[in-house]
Amino acid sequence: MISVVALAAVCTAMAQETYENAKIATEDLNGTARYVGMGGAMDALGADISTIGTNPAGIGLFRKSMASVSFGMNTQQDAVDFAGANKTRVSFDQVGFVYSNRWGSDTFINLAFNYHKSRNFGFILSADDRLQGASQNKLTFAKAKLGLLYNGTDGEGYPNVKNPYASCNQLDDMYTPNLLGFNEELGEYVWYFDDASAYTLDRNHKGYIGEYDFNLSGNVGNRFYWGFTVGFHDVHYKHYGEYEEQLDGFNIRVSDDREITGQGVDIKAGIIVRPLEESAFRIGLSVASPTMYDLKTSNVTAVNYGGNHDQMGETLKYKLYTPWKFGVSLGHTIGQSLAIGAGYEYADYGSLDSRYNTGNDYYDWWGNYHDSSESDEVMNRHTEQTLKGVSTFKVGAEFKPIPEMAVRLGYNYVSPMYQKDGFKDGSLSSDGSYFSSATDYTNWDATNRITCGLGYQIGSLNLAVAYQYSSTKGEFAPFMNYTDDDYADWDNHCNMVKVNNKRHQVLFTVGYNF
């Protein structure tokens with residue numbers, strides 16, 4: 001809720017908005033079928049290539065070289081196909097190898113590389129609800145009214161829209177002509193708005209973040225394991241959405257086509273300790289630096305209303321630094337038949353650092369240019385108020401009824417990232433708000449993942465399959481609420497509606513030891 005207040009002018013910073021940043025900063029549970037089948041609870045157990053990105057010391061447990069490749073299929077439950085997007089998609093998920101080098105009777109130095117899809121954006125969002133007189137363009141009216149309140153009119157009675165709130169984002173720019181009308185009685189132009197009775201939204205998200213990890217790890221005396229990983233992230237995100245409001249006598253439809261691309265880099269380190277020589281019990285610790293992203297976002301957005309059509313687009317380069325991530329894990333094996341793992345990770349997403357580029361710096365040592373940047377303090381304060389720390393709990397087990405076969409089970413719980421009262425604030429004096437082309441937002445709740453899998457070994461060949469069910473509930477709003485302290489008729493409130501993201505994944509892995 002915002003009230004009528006004077007606000008600062010829009011700065012020339014170029015950074016992205018909190019809810020868009022949150023999509024890039026998070027990760028899925030993905031990797032080899034063994035890793036997924038055990039719910040990712042392998043950070044202390046190790047000896048699976050997917051631990052390269054969670055606890056790099058896990059690669060230090062390999063005593064043989066190996067290679068693997070994984071692929072699968074994802075489907076979204078309860079979704080309706082939209083804009084050529086199918087709710088079921090095939091996916092190439094992982095490929096990598098470990099080269100294990102013995103340095104002594106019980107000491108190894110290992111090198112590894114792994115690619116995996118750390119984020120799958122495939123998701124169709126649909127929402128609709130009644131609107132009791134509220135509307136998207138009424139919110140534009142509220143911002144424009146501030147422009148009139150503090151800037152008045154020009155010499156011909158035409159509203160002075162130099163105040164940033166008269167054109168706070170791309171939608172406001174396109175809605176503004178529809179809100180202007182000439183009042184015969186007053187003899188000047190005035191602002192109007194339209195009351196809406198209902199809305200619908202459909203949006204197709206697609207794309208992925210690919211992570212390329214390079215690892216150096218080791219094993220000292222089968223009691224202490226260490227590892228370092230440098231990761232390179234490749235972002236490919238797109239969405240296309242259509243938002244429509246039912247007004248008095250006509251409809252307004254907004255179509256939005258957005259793309260985010262870029263690269264990022266991070267460093268991860270970890271250790272695993274076997275404290276008791278006579279026991280296989282292990283303790284793991286890990287830390288991951290922020291992923292430092294260089295990103296570019298571009299869009300084409302159109303508004304159709306009352307037979308009129310307006311269209312615009314923007315391109316923006318910015319930086320995003322994700323939070324530090326810390327992990328602790330436990331693992332134990334009983335003979336050759338049972339392995340049990342558990343893990344906990346924490347990351348404070350309220351500390352996401354949205355940054356705008358300030359210029360180019362030349363580095364003599366490297367002989368190239370690099371964009372310098374500064375934090376977008378306005379957007380970062382909003383992020384701190386909207387997002388919070390996230391805890392991830394992982395448990396999993398593997399049982400071998402016979403030496404060649406493995407049965408796996410796992411569970412994940414990811415706590416909510418969004419504050420209950422969080423909202424997309426389209427009134428911020430930040431280009432993260434100005435370059436936004438959608439007013440809607442979703443506050444997602446906790447994520448629950450249930451996994452299972454099977455593995456079978458034929459000589460040096462390993463075959464595995466895993467199934468993952470993921471469920472996240474959320475609350476959707478088409479725009480932020482506005483309360484006018486002076487005129488109740490100008491209040492603009494909408495209800496939050498329930499949405500969900502239920503996904504099924506089937507994953508296959510083929511591995512070979514050499």
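I looked up Ile24 and found that, residues up to four places away in sequence not counted, Ile24 touches Phe121, Ile209, Val235, Ile260, Tyr293, Leu295 and Leu320; contact means heavy atoms within 4.5 Å. The model is predicted: local features need pLDDT of at least 70, side-chain atom pairs count only at pLDDT 80 or more, and totals for chains, interfaces and linings use all residues. Residues are numbered from 1 along each chain as its sequence is written, and side-chain values use heavy atoms, with hydrogens and water left out.

I next looked up the nonpolar cores (sets of buried Ala, Val, Leu, Ile, Met, Phe, Trp, Tyr and Cys residues joined through side-chain atoms within 4.5 Å). The largest has 53 residues, and Ile24, Leu131, Leu295, Val303 and Phe476 have the most contacts inside it. A second, separate core of seven residues includes Ile52, Ile59, Val98 and Ala112.

I then turned to Thr439, which is found in the loop between helix H6 (431-434) and strand E19 (441-458). Helices (H or I, at least four residues) and strands (E, at least two) are DSSP runs, numbered from the N terminus. Thr439 counts as buried because its relative accessibility is 11%; buried means under 20% relative accessible area, exposed over 50%, partly exposed in between (1.4 Å probe, protein chains only).

Leaving aside neighbours within four places in sequence, Thr439 is in contact with Gln136, Leu171, Lys424, Pro478, Phe479 and Met480. The side chain of Thr439 reaches the backbone oxygen of Pro478 at 2.7 Å.

Definitions and conventions
A polar contact is a pair of N or O atoms within 3.5 Å; within protein, one must be able to donate a hydrogen and the other to accept it, and residues adjacent in sequence count only if both atoms are side-chain atoms.
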